[in-house]
Amino acid sequence: MTVTPLGVPRRLLEFTLDGEPVRAPEGSTILDACRAAGKDVPTLCEGDTLRPKNACRVCVVEVEGARTLVPACSREAEPGMEVRTDTERARHSRKIVLELLASSVDLSTTPKVAAWLKEYEAKPDRFGPDAARLNEEPKVDNDLYVRDYDKCILCYKCVDACGDQWQNSFAISVAGRGFDARIAVEHDAPLTDSACVYCGNCIEVCPTGALSFKSEFDMRAAGTWEESRQTETTTVCAYCGVGCNLTLHVQDNEIVKVTSPHDNPVTHGNLCIKGRFGYQHVQNRG
């Protein structure tokens, strides 16, 4: 018999969401309430295992009495609050943000973005071919993962996951300032000279594919990556006794990458180098 822990009960608060009264547990964000109500508010930088960073501003909503639009991912719901998620002002802001991002960043491997661009009638091409892009070749300097900063939106999720929120390796940081800001390892050194322990937890939280498994990168380059044909099986890592859960992504009877359930009380989506990358022995048929 499986016993689900109830946790500490939280008081429910009431507020208005798009004209409808809703209830949400105390401490919930507006985005939490929107999701519970079945409302699709777009977001890129928000991560369910990280503290909100307010970086992408795609999730902005209108709150009665607020001078500016507020990020739904970090603004906590308050009793009596009146929130509107689909106003002309909010939609226009999301449209501009999506246009700016899509004109300067390769979002081809970012889930849901194509649908959002269509929904908000965003036209990134209107900025012309001279829109600022890195035009930087992917960094393929190891056999485990690839860094393609042409797809980076500077959401800082990888910095937080590598830093004090999870791994505490502090291998990833922001180099440069202003238009020259970019994600890099500390002091912009080569990856092999950094504090990286190759846990891959930065890949787990990256929303755009700027960080990806070498296996996925190679298959995409070869045109053989097909998520619709992949199966996912969750199991327990056999390397040690911690009990980390692994989700094996399998295509054509081959493991192509490994993730971890974010709601798992042991890992919260995080793994070590063995759990995330040490699966080759499973399919060694020699």
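1. Helix α6 and its surroundings. The buried residues of α6 pack against β6 (145-147), β9, β11 (245-251) and β12 (254-259). Helix α6 covers residues 214-222, and Lys214, Glu216 and Met219 are its buried residues. Here buried means under 20% relative accessible area, exposed means over 50%, and partly exposed lies in between, with a 1.4 Å probe and protein chains only. Contact means heavy atoms within 4.5 Å. Helices (H or I, at least four residues) and strands (E, at least two) are DSSP runs, numbered from the N terminus. Gly223 follows α6 and has a positive phi, near 75°.

2. Basis of the model. This is a predicted model, in which local features need pLDDT of at least 70 and side-chain atom pairs count only at pLDDT 80 or more, while totals for chains, interfaces and linings use all residues. Residues are numbered from 1 along each chain as its sequence is written, and side-chain values use heavy atoms, with hydrogens and water left out.

3. Glu216. This residue of helix α6 counts as buried, at 10% relative accessibility. When neighbours within four places in sequence are set aside, Glu216 is in contact with Trp225, Val256 and Lys257.

4. Overall form. The protein chain has seven helices and twelve strands. Its radius of gyration is 20 Å, close to the 19 Å that the globule rule gives for 286 residues, so the chain is as compact as a globular protein of that length. The radius is taken over C-alpha atoms, and the rule is 2.2 Å times the number of residues to the power 0.38. Along the principal axes, the C-alpha trace spans about 65 × 60 × 40 Å. Buried residues make up 46% of the 286 residues. Of the contacts with a separation of 6 or more, 53% are between residues 24 or more positions apart.

5. The five-stranded sheet. Five strands form an open sheet with mixed pairing, in the order β2-β1-β5-β3-β4. Two strands pair if DSSP finds at least two bridges between them. The edge strands, β2 (20-25) and β4 (70-71), each pair on one side only. Strand β1 (residues 12-17) pairs with β5 (residues 82-84) in the parallel sense over two bridges, and Leu17 has Val83 of β5 as its bridge partner.

6. Strand β3 within that sheet. Which residues of β3 point one way, and which the other? Val60 and Glu62 point one way from β3 (residues 60-63), Val61 and Val63 point the other way, and all are buried. Strand β3 runs antiparallel to β5, joined by two bridges, with Arg84 of β5 as the bridge partner of Glu62. Strands β3 and β4 are likewise antiparallel and joined by two bridges, and Val61 stands opposite Val70 in β4. These two strands form a hairpin with six residues between them, and Gly65 in the turn has a positive phi of about 90°.

7. Nonpolar cores. A nonpolar core is a set of buried Ala, Val, Leu, Ile, Met, Phe, Trp, Tyr and Cys residues joined through side-chain atoms within 4.5 Å. The largest has 20 residues, and those touching the most other members are Tyr145, Cys158, Ile172, Ile183, Cys202, Ile203 and Leu211. Two or more residues come from each of α4 (157-162), β8 (182-185), α5 (201-205) and β9 (211-213), and α4 gives the most, with three. Apart from this core lies another of 19 residues, among them Cys34, Cys59, Val63 and Met81.

8. Cys158 and Asp160. Neighbours within four places in sequence aside, Cys158 is in contact with Ile172, Ile183, Cys202, Val205 and Leu211. Asp160 lies in helix α4 and counts as buried, at 8% relative accessibility. Not counting residues up to four places away in sequence, Asp160 touches Leu50, Lys53, Gln165 and Trp166.

9. An aromatic pair. The structure holds two aromatic pairs. Phe213 and Phe277 form one that is tilted, at 5.2 Å centre to centre and 50° between the planes. Phe213 lies in strand β9 and Phe277 in helix α7 (residues 273-277), so the pair ties together parts that are 64 residues apart in sequence. Rings of Phe, Tyr and Trp (its six-membered ring) pair if their centres lie within 6.5 Å; planes under 30 degrees apart count as stacked, over 60 as edge-to-face and the rest as tilted. Phe213 is buried at a relative accessible area of 3%, and Phe277 is buried at 5%.
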